[in-house]
Amino acid sequence: MKTKNIFSILFLLGVFLSFTACSDDDNDGDVAVRQIAVTPNSVTLKPDATQELTVEFFPSNATNQRLTWKSSDEEVATVSSQGVITAIKPGSATITAVAEDGGETSTCSVTVSLNDPVTVSGEVSGTWEKYTVVNVDGHLYIPAGKSLTIEEGVEVIVSTAGQDANDTKIEIIVRGNLYAQGTEEAPILISVPAGQRTTANTFARLWGGIIGSETCEEILLDHVIIEYTGVVTTLSSPSVTGGLFKPAGGEGMVAFNTNNPSGKYVIMNSVFRNCGEDAMYVQGGSCIFAYNTFYAVGEAGGEAINVKAGCKVDAAFNLMYSTNTNALKLSNAGADGGDRFQAQINGYNNTIINTGWRRDPSKPKGGCIWGEAGCLIHVYNNLMVNCMFGAKAPGFGVDATEGPDLNSKIDYNFYASGTQESTVPQHMANGTVTAYDGFKPNVQDVVYGEHDKAGTAAGDNDPLFANFPFNTNPLLSYTYDASWDFHLEAGSPALSGANTDFTPYFASTGITVNGKTYTSPKPASYFGAFGQK
């Protein structure tokens, strides 16, 4: 009897173990792919060079280990079915491995360069030749009286390692001149190592930014991409020890900053993205900021363009998507009656989308365009869509010490609200569920001009973008889709009615930087930055 019981127990145990083995994966015994990892995850090659990639599967005994490979730009680099990269011409591409089982992916960033990579830190000047990869492993300083020229296609890769016991991150301090001249086909990239350019790091504040000191005379950024800035400063940050940005550590750094009222600064055709704080925070200089794109700017606060005393600025034909607080913050803060003269700004023909919603709703400040503290501003022809509030100017027309100079003008702007709603409890409590709720003329501090265009309800006044989900794009989203097209379709109410009867500061005289004169664009008769194709 005992022998029979033992055999019964062994039989049941065998059945249990068989069932357990089958339950781990498919009934046929296949082991599924959970993840793959490409090695290396970034390479720099010269034209005609090759690099074989390897792939590790997780788990390592996955049954189906077949892959497909693809290149994001086969004119720059191709990849074979065996994962062998061939460099074609200078530029950047992403190689992606895709597992046949489950579609798991992993990537390798490829830079094709005519030159060998270089590593720099400390004082720099001269020229970084086109398509060079420049690895920055320490703070950079362009000395007063000297210049650094960065040519097309250069990739500036900033280390995210701490530089001292305070874990101070890298900053680029411009005491002389900086000329970064990319092209549409080969922009200059100033970023972090490829493996850290992830969605999770959107607001990770991985390095400082570009800081123009009191002796910086000229900066040109043309076709430049700047990303992953906004690190919190320490007491040993160069911007802090140099008295350039904030008087003490603990402040979020900005992507671009100036300090010289006599300086000349031109930023055009460039992209600022994934910035923990402001993209631009200018405290001095004659400036043209035109044809730029801003998105995913500001984690808990932050503007696309933040102007202080000592500046004369034309900001025009820019696209600002989902900046945390404002697209344009215009202030005369810091005026001293001397070099820090009254801030003077023309903000015109900008397309501004979804700004303001990510600001702490218990501390609403702006949400579109904000004017304050005695600055002289002319705000015309802006296309403001799905923003938290309309243009605001506390005390405007009553108290110039709180609001803008009484000679300022805010008019000829176009407001449009889609029907999508915020589900943030504070927004619901405040009665700002749709953008239209913040556009109403009775909203505190909102300034409406005689010639503004606005609808009478959410969903009205659709500007008819060529390709943008006006009524469905989430209000708090900062994810930018490169396929969006903000040109206006025929029949758009935003194609006419804007103001062309004013002259930007630098439309005729221009600003001469590195021997070339740049002029501000003339105002357009349509609203926003793009018009009709």
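Predicted model: local features only at pLDDT ≥ 70, side-chain atom pairs only at ≥ 80, totals over all residues.

Strand E2, residues 42-45, and strand E9, residues 105-112, run parallel and are joined by four bridges. Strand E9 also pairs with strand E8, residues 91-99, this time in the antiparallel sense and over eight bridges. One of the residue pairs there is Gly 91 with its bridge partner in E9, Val 112. E8 and E9 make a hairpin, with five residues between them. In that turn, Gly 102 has a positive phi of about 90°.

Two cis peptide bonds come next. The bond from Thr 39 to Pro 40 is cis, with omega near -10°. Pro 40 sits in the loop between strand E1 (35-39) and E2. Phe 58 and Pro 59 are also joined by a cis peptide bond, and omega there is about -5°. Pro 59 belongs to the loop between strand E4 (54-58) and strand E5 (67-71).

Now to the open sheet. It is formed by ten strands, in the order E11-E13-E16-E19-E22-E25-E28-E31-E34-E36, and the pairing is parallel. Why is one side of E11 and of E36 left without a neighbour in the sheet? Strand E11 (126-128) and strand E36 (409-410) stand at the edges, and each has a single partner strand, so one side of each has no neighbour in the sheet. Within the sheet, strand E28 (residues 311-316) is joined to strand E31 (residues 344-348) by five bridges. Val 313, for example, has Ile 345 in E31 as its bridge partner.

On to the interior. In soluble globular proteins, nonpolar side chains tend to be buried together. The largest nonpolar core here has 75 residues, and those with the most contacts inside it are Leu 221, Phe 256, Phe 272 and Ile 305. Strand E12, residues 133-142, contributes the most to this core, with four residues. Leaving aside residues up to four places away in sequence, Leu 221 touches a list of residues including Leu 178, Ile 226, Phe 256, Val 266 and Phe 272. Another core lies apart from the largest one; it has 22 residues, among them Val 271, Leu 319, Ala 416 and Leu 488.

The largest cavity has a volume of about 70 Å³. Its lining includes Trp 128, Leu 140, Ile 142, Leu 148, Ile 150 and Leu 178. The elements that give two or more residues to that lining are E12 and strand E13 (147-150). Leu 178, then, is in the lining of the largest cavity and is also touched by Leu 221.

Strand E27 (303-307) and strand E30 (326-330) are the elements that give two or more residues to the lining.

Glu 277 takes us to the charged pairs. How many salt bridges does the structure hold? It holds eleven. In one of them, Arg 205 pairs with Glu 277, with the closest N and O atoms 3.1 Å apart. This pair links distant parts of the chain, 72 residues apart: Arg 205 is in the loop between strand E17 (188-191) and strand E18 (210-212), and Glu 277 is in the loop between strand E23 (271-275) and strand E24 (280-282). Arg 205 counts as buried because its relative accessibility is 14%, under the 20% cut-off. Arg 205, Glu 277 and Glu 299 are linked in a network of salt bridges.

Another salt bridge joins the side chains of Lys 169 and Asp 167, at 3.3 Å from N to O. Lys 169 is buried at 16% relative accessibility, whereas Asp 167 is partly exposed at 43%.

Last, a backbone detail. Asn 514 is not a glycine, yet it has a positive phi of about 55°. Asn 514 is placed in the loop between strand E41 (511-513) and strand E42 (516-518), and it is partly exposed, at 46% relative accessibility.

Terms used: Residues numbered from 1 in each chain as written. Heavy atoms only, no water. Salt bridge = Lys/Arg side-chain N within 4 Å of Asp/Glu carboxyl O. Buried < 20%, exposed > 50% of the residue type's maximum accessible area, 1.4 Å probe, protein only. Core = buried A, V, L, I, M, F, W, Y, C linked by side-chain atoms within 4.5 Å. Contact = heavy atoms within 4.5 Å. Pairing = 2+ DSSP bridges. 1 Å grid on protein atoms, 1.4 Å probe; cavity = no way out; pocket = protein on both sides within 12 Å on 5 of 7 lines; lining within 4 Å. Points joined across faces, edges and corners; volume = space filled by probe spheres on them.
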